[in-house]
Amino acid sequence: MTRNPVPVFLLVAAAVVVLAAGPLFLPPFYVRVGQLMLYSAGLGLAWAILGGFAGYASFGHAAFIGVGAFTAGLVEARFSTLPTALLLPVGLLAGAASCAILSALIAYPILRLRGTFFAIAMLGVSHVCAEVTNNIDFFQGSMGLNFPPIAPASWDPANFFYEVYLAAALLILLVSWQIRRSRFGAGLLSIREDEDTARMLGVPTERYKRTAFVVSAVLTGIMGVIYAHSLGYITTESVYRDDTNLSLIVYSLLGGMGTLFGPVIGAFLLVFITQVILGRLLDFHLFATGLLLVILVLAAPGGVAGLLKRKRAAT
Amino acid sequence: MSLLEVERLSKNFRGLAAISDVSFAIEAGTITSIIGPNGAGKSTMFNLITGYLPLTAGEIRYRALRITGMATNRIAALGIARAFQIARPFRDLTVFENVRVGALFGKAGPRDVEATTRRALELASLAALAEQPASSLTVGQLRHLEVARAIATRADLLLADEPCAGLNPTETAAMIDVLRQVRTNGVTVVLVEHDMPSVMEVSDRVLVLDAGRLIADGPPKTVATDPKVIAAYLGTPDAA
């Protein structure tokens, strides 16, 4: 609950302007890092609608990255006569729709599981989707799918995708902000705190969980579609990644579980640490990241947002 | 028409009959206590009324509407609220946010949420603690929070599960005051309570359960002198 929404809003607006101008002054390497930061922040925010607000931590959201990406690729291949400018919108629609359908279908059984069981079941979903994509020829998972270049000719593709990621992450931030301040959001938080009590107070817990799941899946799928386009060529391994499954949890843990900006802070921080600070350490960086995480979680269980809150409470 | 009618209610846990063939009706505007030894089925009764457990046989009607088999959140939305014996606050939220969840959901949906929340907090004398995190409250205050959150749903019927258990005399007196306030505000109250002085003081009527059966029903004074009730609590001479 922010007591001063106007300064926060101005701060975000200023940050967006600076970020949008990034490619004008950043060297190419940092534009790539920026892409990854914005992609991760968007994914982290989408994950947190279910994992942070409702407390259903998914360990398999890469399923929706993959399903979104492959649906978009297969659909766009059939619409190859369309003007280039329309390909991404068509892919986004197709990817979002397939994620909506998949999540709606599995929502009822899988959301009856709580805590660790839900997390592991989602990991299973992610692996099943990956196997299906890999082993059924129709999906071309093992062969790989090509995506047409969609960046306008006058625009450097790296800069173009940077801006697309920024727009998508901003959209997801707006969605989760609206959810956080709504009745729906209050219901999700009460589910995270104590699901039985929430139901006893009249919160339609089943419907809310399902809605949060579908919204989270669709937004994740949108990010997946953009990711696939920015890669230009995808296989099963490049979108159904277990390190993504893991990272999404880490962003919220690092930034502050259940807070609005937590996943953004966490994603920016982790990407910066792994890509920039530890980027030259090659294999050693995984070890260093793991160690850093352990230290951070022990020292600041509430994440960065928790630290800030504690500092504000102390003053 | 009674506010709540329980008709020939039974609940078996596998072979064990937790409630057998219990019928009673609750009139609007009253405070009724359900008492009985441990294991008599008092909390089970609340779990059945709120739809938290499915019943084995019988029927429950609220304002003449059959609520048997309805989802818990739908029953809550009709105007039945429950305060838990072991307080279950939303620990990471403030006292205000806790009560606000009740006002946002519950009966009649989100109207005048802020005002309803404030009113419930005042009624339960928690207004001064509104901005505290719920995790910082004492046991007594948490009980008040349970009641405030339930009242904020604009319920017409409050089921309070041992609101005075484990409270010291001062806290108990404060809780009794809150329950009276709640009734004055037009809410019907059903209590499950062990603390006999509180029961005698606050109730219009007392129902006594023993081993799942209703063995007495009447004003507190009559029930307290009923030989069957005394036997249930103390055992019969020939059984000793």
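Q: What should be kept in mind about numbering and confidence?
A: Residues are numbered from 1 along each chain as its sequence is written, while chains are lettered from A and ligands numbered from 1 in the order in which they are written. Because the model is predicted, local features need pLDDT of at least 70 and side-chain atom pairs count only at pLDDT 80 or more, whereas totals for chains, interfaces and linings use all residues.

Q: What is the strand order of the open sheet of six strands in chain B?
A: Strands of a sheet pair through backbone hydrogen bonds, either parallel or antiparallel. Here strands are DSSP runs of E with at least two residues, helices are runs of H or I with at least four, both numbered from the N terminus, and two strands pair if DSSP finds at least two bridges between them. In chain B the order is β6-β7-β8-β3-β9-β10, with mixed pairing, and the edge strands, each pairing on one side only, are β6 (80-83) and β10 (213-218). Within this sheet, β7 (residues 157-161) and β8 (residues 188-192) of chain B pair in the parallel sense over five bridges, and Ala160(B) of the sheet stands opposite Leu191(B) in β8(B).

Q: Which residues of helix α5(A) are buried?
A: A residue is buried if 20 or more other C-beta atoms, placed from the backbone, lie within 10 Å of its own, exposed if 12 or fewer, and partly exposed in between. In α5(A) the buried residues are Phe118(A), Met122(A), Val125(A), Ser126(A), Cys129(A), Ala130(A) and Thr133(A). Seen down the helix axis, with the arc taken over the directions from that axis to the C-beta atoms, these buried residues fall within 125 degrees, so they line one face of α5(A). On the other side of α5(A), Thr116(A), Phe117(A) and Asn135(A) are exposed.

Q: How many residues does each chain bring to the contact?
A: Residues are in contact if their C-beta atoms, placed from the backbone, lie within 7 Å. Chain B gives 20 residues and chain A gives 15, and the elements of chain B that supply two or more residues to its side are α2 (72-78) and α3 (95-104).

Q: Where do Arg63(B) and Arg154(B) lie?
A: Arg63(B), which is not a glycine, has a positive phi of about 50 degrees and lies in the loop between β4 (57-62) and β5 (65-66) of chain B. Arg154(B), also not a glycine, has a positive phi of about 60 degrees and lies in the loop between α5 (139-152) and β7 of chain B. Arg63(B) is partly exposed, with 15 other C-beta atoms within 10 Å, whereas Arg154(B) is buried, with 21.

Methods:
Two residues are in contact if their C-beta atoms, placed from the backbone, lie within 7 Å.
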